[in-house]
Amino acid sequence: MKIINTFAIVKDSLYSVQYDTEGLNEFAKCFELWNDPIYLREFFEKHQEDLDNGFWNGRTIEEAILKTREDAKLFEEKLLRIAETGKTERLETLSTLFEPLSKGVIEENFEKDKAKGMQRPSWLRIYAIRIKANLFVVCGGAIKLTPTMNDRDHLKMELKKLEFTRNYLQGEDDENLEFFELN
Amino acid sequence: MSINKIKNRLKETSKQDNTWIERAKYRKENNAWLDISFAIAVKIMSALKANKTVGVSPKTQKELAVAMDCSPQYVNKLLKGTENLQLETITKLENILNINLIQVPAFESTIQIERSNIYTKSNDIINAGDSYSSSYEELKLIGTYSDENEFDCILKVA
């Protein structure tokens with residue numbers, strides 16, 4: 001896996017990486033997938049057991065698909081407001097969306113963070129590295145139906161992407177290398 | 001590498017994202033019909049899945065395309081929930097899959113019946129003394145009784 005580009009979602013505040021295996025940056029990709037009924041149907045059919053978990057009240061696949069899109073819509077509208085406000089004034093609200101990936105694990109720099117969808121409870125996640133206050137680099141996103149990230153392959157992949165992007169951002173400076181060519 | 005150096009490098013080398021911002025604005029502006037298109041897509045997929053379970057056609061996108069006399073690409077577009085569907089297409093889907101996709105609400109009407117004027121034959125339809133909300137079709141039915149039997153009622157059309 002290789003990062004081929006970084007994109008400014010909200011200038012000076014929110015960036016996203018794009019991997020060589022994907023046609024879109026990770027941030028844009030999340031919202032495309034969460035608005036895609038075909039992808040969502042396949043996903044929930046595969047993870048139906050997790051949906052049957054009491055925490056999610058045994059939602060049907062159809063209910064899960066509709067919930068995902070509704071939550072994604074609210075999430076996107078919130079981020080859109082932030083993106084539009086961010087053009088003219090100092091952005092303060094982005095930090096309120098992100099929180100440390102694990103409770104009690106607060107790091108000064110390059111903290112692994114997550115942002116949750118707007119509904120409570122929400123299974124939508126956007127994962128990012130916090131470079132400093134109000135500066136985040138999105139490295140992935142997922143639908144998280146289980147209590148931890150260690151039990152499902154797609155979530156383990158997100159953990160790898162977080163680690164990969166953090167290493168990438170912390171890479172030693174080399175004037176001869178383009179930023180996006182670092183591995 | 002210092003934080004400031006990383007920040008500057010991000011700023012200098014990153015491209016401005018246009019994909020998400022444009023798509024997000026489009027989704028927001030077209031929210032009303034996209035909601036319906038998405039719900040229809042979900043329902044079509046459920047119908048295909050149900051057909052597959054009982055072995056009835058159409059059970060795949062390909063079979064649906066044949067039944068609709070359109071391309072599989074168009075069916076895929078329908079199932080992405082981003083197609084601004086024509087009524088003709090919707091009714092065709094309803095017929096082929098034997099499901100309801102959209103419904104126009106019936107005309108709501110209120111009929112008030114005086115206990116003293118209840119026509120005995122209509123007891124199976126109207127509860128004595130109650131205000132009765134009825135669809136247009138039901139009103140037509142009651143209206144028939146009224147015409148034939150001097151049924152006394154006050155009719156309100158909402």
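**View 1. Helix α4 of chain A packs with helix α3 of chain B at an angle of about 160°, their axes 11 Å apart.** This is a predicted model, in which local features need pLDDT of at least 70, side-chain atom pairs count only at pLDDT 80 or more, and totals for chains, interfaces and linings use all residues. Residues are numbered from 1 along each chain as its sequence is written, with chains lettered from A and ligands numbered from 1 in the order in which they are written. The helices span residues 61-85 (α4 of chain A) and 31-54 (α3 of chain B); helices are DSSP runs of H or I with at least four residues, strands are runs of E with at least two, and both are numbered from the N terminus. Axes are lines fitted to C-alpha atoms, for helices over the stretch in contact, and angles run from 0 to 180 degrees between N-to-C directions. The angle therefore makes α4(A) roughly antiparallel to α3(B) (over 145 degrees). Glu62(A), Ile65(A), Leu66(A) and Arg69(A) of α4(A) meet Phe38(B), Val42(B) and Ser46(B) of α3(B); contact requires C-beta atoms, placed from the backbone, within 7 Å. These residues comprise 4 nonpolar, 1 polar and 2 charged, where Ala, Val, Leu, Ile, Met, Phe, Trp, Tyr, Cys and Pro count as nonpolar, Asp, Glu, Lys and Arg as charged, and the others, Gly among them, as polar.

**View 2. The contact between the chains takes 36 residues from chain A and 28 residues from chain B.** On the side of chain B that touches chain A, α1 (3-13), β1 (15-16), α2 (19-29) and α3 each supply at least two residues. The most come from α1(B), with 8 residues. By class, this side of chain B has 12 nonpolar, 6 polar and 10 charged residues.

**View 3. An open sheet of 7 strands with mixed pairing runs in the order β3(A)-β4(A)-β5(A)-β6(A)-β2(A)-β1(A)-β1(B).** Strands pair if DSSP finds at least two bridges between them. The edge strands, each pairing on one side only, are β3 (98-100) of chain A and β1 of chain B. Helix α1(B) packs on the sheet and touches β1, β2 (14-19), β5 and β6 of chain A, its direction making about 120° with that of β5(A).

**View 4. Two strand pairs of the sheet are shown, one between the chains and one within chain A.** Strand β1 (residues 3-10) of chain A pairs with β1(B) in the parallel sense over 2 bridges, and Ala8(A) has Gln16(B) as its bridge partner. Strands β5 (residues 124-132) and β6 (residues 135-143) of chain A pair in the antiparallel sense over 8 bridges; here Arg130(A) is bridged to Phe136(A).

Conventions: Angles under 35 degrees count as roughly parallel, over 145 as roughly antiparallel, 65 to 115 as roughly perpendicular and the rest as oblique. Two residues are in contact if their C-beta atoms, placed from the backbone, lie within 7 Å.
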